[in-house]
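Please work through each task before reading its solution.

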Amino acid sequence: MSEVAGDATPEGAALTVDELSARVGMSVRTLRFYAGRGLIPPPTRRGRVGYYGPEHIARLDLVRELQAHGFRLQAIEGYLDRIPTDATPQDIALHRTLLTPWMRDLPETLDRAALVLRTGRELSDDDIEMLVALGVVEPTPDEDVFQVATAHLSLGVELLDLDLPVEAVQDAGRIFTEHGRAIAEELTEVFRTKVWPHYRDSGGPPEHIQQLVERFKPVTIQGLVIAYERAVGETQRDTIRRTQNKPR
């Protein structure tokens, strides 16, 4: 990608590519590669020198955050493509803020021996299969090496003791995934269109937005639990009524 004139960058924030490299901790070669893939916009040209500003730093910080969460380059490109080219550094910082609190406990890579040690019990192949069905453990290309959602591991071990049919757990998992994604997409849209503009216009720093999201998470989860409990209760009552009204 050729370096063409971009939007004006404040003089005090202008960085050469070497200065940007030192600022973000990435090599110049990596920066040029990312620019070639469109992950950052062209620099502002002043004569023969290109200068980078806060919007470049914000996007590179977001790239690093996405990489830390396991996103591959192609997925990162797709993610950044959905961010408007005129997004401010504050807008881009929001994306980092939204990622961090919701994905605080990243998966750990454990071999089988370490997984047994972590759970405090022997794990049969059936146990491993159940943990996979629960979404707590994910196989890797290496034999007996797993990606483990350690924050949910204790719950997964408790469910092993219930001796549930693995097919039932898989079906339940599909239900939770399907409806959970729909709920997440709708709540994200509410946050994007109603919550974020309100706080952005108030001029608050990104740290305030992060605190908001950190508090927003448990509130929404509790709201989901309450709604689920109510729905289960209503379903049970409807089932009882249908049974009582069924002709004998």
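**Exercise 1. Determine the handedness and geometry of the crossing between α7 and α9.**

Step 1. Helix α7 passes helix α9 in a left-handed crossing, where left-handed means that the near helix is turned anticlockwise from the far one by less than a right angle. Helices here are DSSP runs of H or I with at least four residues, and strands are runs of E with at least two, numbered from the N terminus.

Step 2. The contact (heavy atoms within 4.5 Å) involves E129, M130 and A133 of α7 together with V166, V169 and Q170 of α9.

Step 3. The axes of α7 (residues 125-133) and α9 (residues 166-201) come within 9 Å and cross at roughly 15°. Axes are lines fitted to C-alpha atoms, for helices over the stretch in contact, with angles from 0 to 180 degrees between N-to-C directions. The two helices are therefore roughly parallel, a term for angles under 35 degrees.

The model is predicted: local features require pLDDT of at least 70, side-chain atom pairs pLDDT 80 or more, while totals for chains, interfaces and linings use all residues. Residues are numbered from 1 along each chain as its sequence is written, and side-chain values use heavy atoms, without hydrogens and water.

Methods: Parallel < 35°, antiparallel > 145°, perpendicular 65-115°, else oblique.
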